[in-house]
Amino acid sequence: MFVYADNAATTKVRPAALKAFEETAQKYFGNPSSLHSAGQRAKEELTRCREKVAAVLGARPEEIYFTSGGSESDNQAILSAAYFGAKKGKKKIISTAIEHHAVLHTLKKLQKEGFEVVLLPVGERGIVKVEDAEKEMDENTCLVSVMLANNEIGTLQPVSEIGKLCREKKIPFHTDAVQAVGHMPVNVNDLNCDYLALSGHKFGAPRGVGALYVRRGAPLLNLIEGGAQERGKRAGTENLPAIAAMTVALEEATRDLPAYMKKVSALRDELIENLSKIPHCALNGDPEKRLCGNVSFCFEGIEGESLLLLLDEEGICASSGSACTSGSLDPSHVLLAIGRVHDVAHGSLRLTLSEDTTEEEIAYMSEKIPQVVAYLRGMSPVWRDLQEGKRTYIL
Ligand SMILES: *Cc1c(COP(=O)(O)O)cnc(C)c1O
């Protein structure tokens, strides 16, 4: 059996999105900046896409900027608000300890440039407290950035409430909604945000295309200099086939969100229930306030990397919280932020489901994962010490 359970990393391109990509590339091949008819037709198609994306988010078309993806959108929003604030002498930024690196590393760069960065704690459940955010907001704050849904543990953050406070205090508010868009209702007005980042490949569009919502009047600097595309804020010939594919994927993903969420969360809860029976394990994040497709566990006495490799041999594509991609052995900053100690954080497993996930796949994972965990524990010196009482169990 082959089970793809890594949809938070990227999703399979939807057939309708692929079709839109191909048709747009053929039909609207002109450069939207060209004055001739082929260019104008492409420009009209770009306008239609912008209108559709805006409609899904509850935004105005002129508030949507197409970008290369989530990372670029996060960077542009954060740097814009920060540099605009600095001009007025405001250099404090409030964010959370569990943001994606696209946010955290941008904040680190700003910190080196003299900004004060406050990363709010999230507690054991992985959810930031509105009061904690409010306490930090002051007249020097130029930006608050809180993600809508976490990519590792799936927790949903009180973005709407924090956004409301920011609005009252006139502090620009950004939310990284990359994991949320296409998977739960996302409306820029309900969220009270000034900036919102999304990425196509997290909901069935190809990689390398995303969007940034910027509320009318919110400052926006361009990261890429060149032509006047995207109202002079993002130079470079528009990737129209990818934009059209993302638009179709977004419309398809959000067409019946309640049904999608109901179906996928039932599968998620079944998998969580089955895996919870493994001794000395713990669910990461909140059991209820989480993305409908996210399952994240820590298993004591094993290494996440070995678990992934063995699961892959069983045909299961999963992910671990450790930052092995960066070649470092540091465990995930998200798992550390919810209080997992290093050893435990190393034994993490993330399974992210999609609407294509089947009951059979859930049953297969529920059978294989406990077997593989038991096998690895059988070879683990740490597990032997735990069993012999030379170490104490944490989970
Ligand atoms: C994937 C992801 C990003 C980065 O998006 P890209 O399009 O891959 O650059 C940013 N934030 C979150 C929460 C993500 O899951």
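**Entry 1: Lys-170**

I started at Lys-170, which sits in the loop between helix H6 (159–169) and strand S6 (173–176). Helices here are DSSP runs of H or I with at least four residues, strands are runs of E with at least two, and both are numbered from the N terminus. I am working with a predicted model, where local features need pLDDT of at least 70, side-chain atom pairs count only at pLDDT 80 or more, and totals for chains, interfaces and linings use all residues. Residues are numbered from 1 along each chain as its sequence is written, and side-chain values use heavy atoms, with hydrogens and water left out.

I noted that Lys-170 is not a glycine, yet has a positive phi of about 60°. Most residues other than glycine have a negative phi. Is Lys-170 buried or exposed? I found it exposed, at 73% relative accessibility. The cut-offs are under 20% relative accessible area for buried, over 50% for exposed, and partly exposed in between, using a 1.4 Å probe and protein chains only.

**Entry 2: His-280**

Next I looked up His-280, in the loop between helix H9 (257–275) and strand S9 (281–283). His-280 is not a glycine either, and its phi is positive at about 50°. I have it down as partly exposed, because its relative accessibility is 26%.

**Entry 3: Gly-58**

I then went to the loop between helix H2 (37–57) and strand S2 (64–67), where Gly-58 lies. Gly-58 is partly exposed, with a relative accessible area of 31%. Which residues does Gly-58 touch, not counting residues up to four places away in sequence? I get Asn-187, Val-188 and Asn-189, where contact means heavy atoms within 4.5 Å. I also checked Gly-58 against Leu-335: they are 277 residues apart in sequence, and their C-alpha atoms are 33 Å apart in space.

**Entry 4: Ile-94**

Ile-94 belongs to strand S3 (residues 92–96). I found Ile-94 buried, with a relative accessible area of 0%. Leaving aside neighbours within four places in sequence, its contacts include Val-118, Leu-120, Ala-133, Met-137 and Val-144. Glu-136 is another contact of Ile-94; the two are 42 residues apart along the chain, with 7.2 Å between their C-alpha atoms.

I compared the length of helix H3 (residues 70–87) with expectation. Its 18 residues should span 26 Å at 1.5 Å a residue, and the end C-alpha atoms are 26 Å apart, which agrees. The expected span is 1.5 Å times one less than the number of residues. Among the buried residues of H3 are Glu-72, Asp-74, Gln-76, Ile-78 and Leu-79. After H3 comes Gly-89, with a positive phi near 80°.

Helix H4 (residues 101–112) has 12 residues and reaches 16 Å from first C-alpha to last, close to the 16 Å expected. I listed its buried residues as Ala-102, Val-103, Leu-104, Thr-106, Leu-107 and Leu-110. What do the buried residues of H4 pack against? The partners are H3, S3, strand S4 (116–120), strand S5 (141–145), S6 and helix H11 (333–337). H4 is followed by Gly-114, with a positive phi near 105°.

**Entry 5: two domains**

The chain is divided into domain 1 (3–10 + 256–387) and domain 2 (15–253), with bounds from an automatic or database domain assignment. Their C-alpha centres lie 28 Å apart. I counted 24 residues from domain 1 and 29 residues from domain 2 in the contact.

**Entry 6: the second largest pocket**

The second largest pocket holds about 420 Å³ of space. On a 1 Å grid over the protein atoms alone, a pocket is an open set of points with protein on both sides within 12 Å along at least five of seven lines, a cavity is a set where a 1.4 Å probe fits but cannot get out, and lining residues have an atom within 4 Å of a point. Points are joined across faces, edges and corners, and a volume is the space filled by probe spheres set on them.

Of the 22 lining residues, Asn-7, Lys-12, Ser-354, Glu-355 and Asp-356 are the closest to the centre of this pocket. Where does the second largest pocket lie? I place it between domain 1 and domain 2, because both give residues to its lining.

**Entry 7: the cavity**

My search of the whole structure found 1 cavity of 30 Å³ or more. The largest cavity has a volume of about 130 Å³. Its lining includes Asn-7, His-183, Lys-202, Tyr-260 and Cys-292. Each of domain 1 and domain 2 supplies at least three residues to this lining.
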